Amino acid sequence: MASPRKRRVLSVASECAPLLKTGGLADVVGALPAALKPLGWKSRVLMPAYPAVISRIGRTRRVWHTDDLFGGPATVRRCTADGLHLMVLDAPHLFDRPGGPYSVDGHDHADNHLRFAALSWAAARIAVEGTGDGWRPDLVHAHDWQAGLVPSYLKYAGSPVPSVMTVHNIAFQGIFGPDQLDSVRLPSWDFVPDALEYHGLVSSLKAGLVHASRVTTVSRTYAEELATPEFGFGLEGVIAARRDRGELHGIVNGIDDAVWDPAADPHTLPFSADEPAGKRAARDALLAEFGLAAPSGPLAVVVTRLTHQKGVDLLLEALPGFIEAGGAVAVLGSGESGYENALGDLAARFPSAVGVRIGYDEPLSHRMYAGADLVLVPSRFEPCGLTQLYGLRYGALPLVASTGGLRDTVADATAERLAADTATGFAFADIGAAGLADALARAVSLYADAAAWQRVRNRAMRTDSSWSASAQAYASLFAELVGPLR
Ligand code: ADP
């Protein structure tokens, strides 16, 4: 009997690891295709052909073209890169420019709404018409606001192709003025509060939340939080409506356990839960790399965007106490200049206990998880968070604020969990500098008991954070929407 044909999903996003990454979104978009494949879903990822992406891909094949995509010609080119089936949207007037994917020299591109509406438009056309190489998706998976208009364009085209809108971070919404509706080919008749309108403006993300067949977000707790004013950033009503209809799903992110494998990571010395000795050498190497003295307490790392969301101000307040208690910390991040400068000041104040690297450095991030005893994630909100998952796998115990996906993935070292050998890290519910300081103090005292620390580390390293269960949840949802094969 012939095996059933694989279903096809078009995944649409503004970034995809390892080609271009500014955060967890890229990791997820890059890892899901391989996790979905054994479950009967073949993916193509559609992303912009930024200069950095063009320089990484080899031969391409033109599969779609239009003479006018919001002000210039655009071509979708197909290629494979890093094991991924990619389609890149080559539209030089929108994407061939210096800087990162969203900004240059710290300033957002003024036409971001247009750039990503163009990405969404191309995705919807491909879903409707198919590509020149005879490929058409059974379903479209839209990630974050940059793909938020895909479900709307599908709807206005009368397309039956179902769509799933995944919220990786609701704080970013792609808002623009209604005077732009024409230029992004959206109908003014649907500029109403139940559809495109958001307080007199257009919200790309809201459009996706309203028009997608289903909405997902990246952890169960964040799904609950999103329906509240504290976390919903004004979209809590839309979210709650989808939830009440049973159309909101919290599916926690996994990690690409081939890329993030301490036993076979080209960036670090090998170690594993069974062979933890290499971790000691990785720690020594990390201390040397940051020019730090060996601390009597734990070595903590922070790998993050330096923003208010990530609680950098809380770290600045709580870290001096941690250092005085014997801890050391290495920070890798970039973001708001006030935080960059304040971290530099902290390193100047504690030169042998605090090391700071401002910038983005993927290999260094691997060495940091490998060498650390702790990874600190004091976020004010955190849809899923990946750094704590890398920490678990690399035996750097996560110390996290108890919110969103952090709450769902880290088991706080309470007395009960320590006794039952189920603790994997530290979590604090009182999200502020005092709560963080208290958790750091608990970590310092557990570290003093080497046997207890090793038990928790062993449990953390054996935690399954792979994609298997979550990819299954996506596949089941997709199958439900697509229905039986015709
Ligand atoms: P977010 O997507 O909100 O930034 P996540 O925890 O979901 O947060 O994902 C962050 C990802 O980006 C992780 O893979 C982390 O290792 C990586 N990362 C963040 N900052 C840096 C940096 N400065 N250098 C290297 N990797 C970084």
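## Ligand contacts

A polar contact is a pair of N or O atoms within 3.5 Å. In this predicted model, a polar side-chain atom of Arg305 lies 2.8 Å from an oxygen atom of the ligand, so the pair falls within that cut-off. Lys310 also contributes through its side chain, where an N or O atom is 2.9 Å from a ligand oxygen atom. Gly359 takes part through its backbone: an N or O atom there lies 2.8 Å from a nitrogen atom of the ligand.

The ligand is surrounded by 20 residues. The closest are Gly24, Asp27, Arg305, Gly359 and Tyr369.

## Aromatic pairs

The whole structure holds 18 aromatic pairs. One of them joins Tyr50 and Phe95, with 5.8 Å between the ring centres and 85 degrees between the planes, an edge-to-face arrangement. This pair links distant parts of the chain, 45 residues apart: Tyr50 is in the loop between strand S2 (41–48) and helix H2 (51–54), and Phe95 is in helix H3 (residues 92–95). Tyr50 has a relative accessibility of 3% and counts as buried, and Phe95 is buried at 0%.

Trp260 and Tyr369 form another pair, with centres 5.6 Å apart; their planes stand at 75 degrees, so the pair is edge-to-face. Here the partners are 109 residues apart, with Trp260 in the loop between strand S14 (248–250) and helix H10 (277–290) and Tyr369 in helix H13 (residues 362–371). Both Trp260 and Tyr369 are buried. Tyr369 is also among the residues closest to the ligand.

## Aromatic cluster and charges over rings

Tyr50 and Phe95 belong to one aromatic cluster together with Tyr102, Phe116 and Trp145.

Two arginines sit over aromatic rings. The charged end of Arg185 is over the ring of Trp121, 4.8 Å from the centre of that ring. Arg357 lies over the face of Phe290, and the distance to the ring centre is 4.4 Å.

## Nonpolar cores

The largest nonpolar core has 79 residues, and Leu86 and Leu209 touch the most other members. Helix H4 (residues 112–129) gives the most to this core, contributing 11 residues. Beyond its neighbours within four places in sequence, Leu86 is in contact with Leu19, Val45, Met47, Ile57, Arg77, Arg78, Cys79 and Ala81.

A second core is separate and has 72 residues. Among its members are Val301, Val354, Ala401 and Ala460.

Methods. Residues are numbered from 1 along each chain as its sequence is written. This is a predicted model: local features need pLDDT of at least 70, side-chain atom pairs count only at pLDDT 80 or more; totals for chains, interfaces and linings use all residues. Side-chain values use heavy atoms; hydrogens and water are left out. Rings of Phe, Tyr and Trp (its six-membered ring) pair if their centres lie within 6.5 Å; planes under 30 degrees apart count as stacked, over 60 as edge-to-face and the rest as tilted. Helices (H or I, at least four residues) and strands (E, at least two) are DSSP runs, numbered from the N terminus. Buried means under 20% relative accessible area, exposed over 50%, partly exposed in between (1.4 Å probe, protein chains only). A charge sits over a ring if NZ of Lys or CZ of Arg is within 6 Å of the ring centre and within 35 degrees of the ring normal. A nonpolar core is a set of buried Ala, Val, Leu, Ile, Met, Phe, Trp, Tyr and Cys residues joined through side-chain atoms within 4.5 Å. Contact means heavy atoms within 4.5 Å. A residue is near a molecule or strand if one of its heavy atoms lies within 4 Å of it. A polar contact is a pair of N or O atoms within 3.5 Å; within protein, one must be able to donate a hydrogen and the other to accept it, and residues adjacent in sequence count only if both atoms are side-chain atoms.
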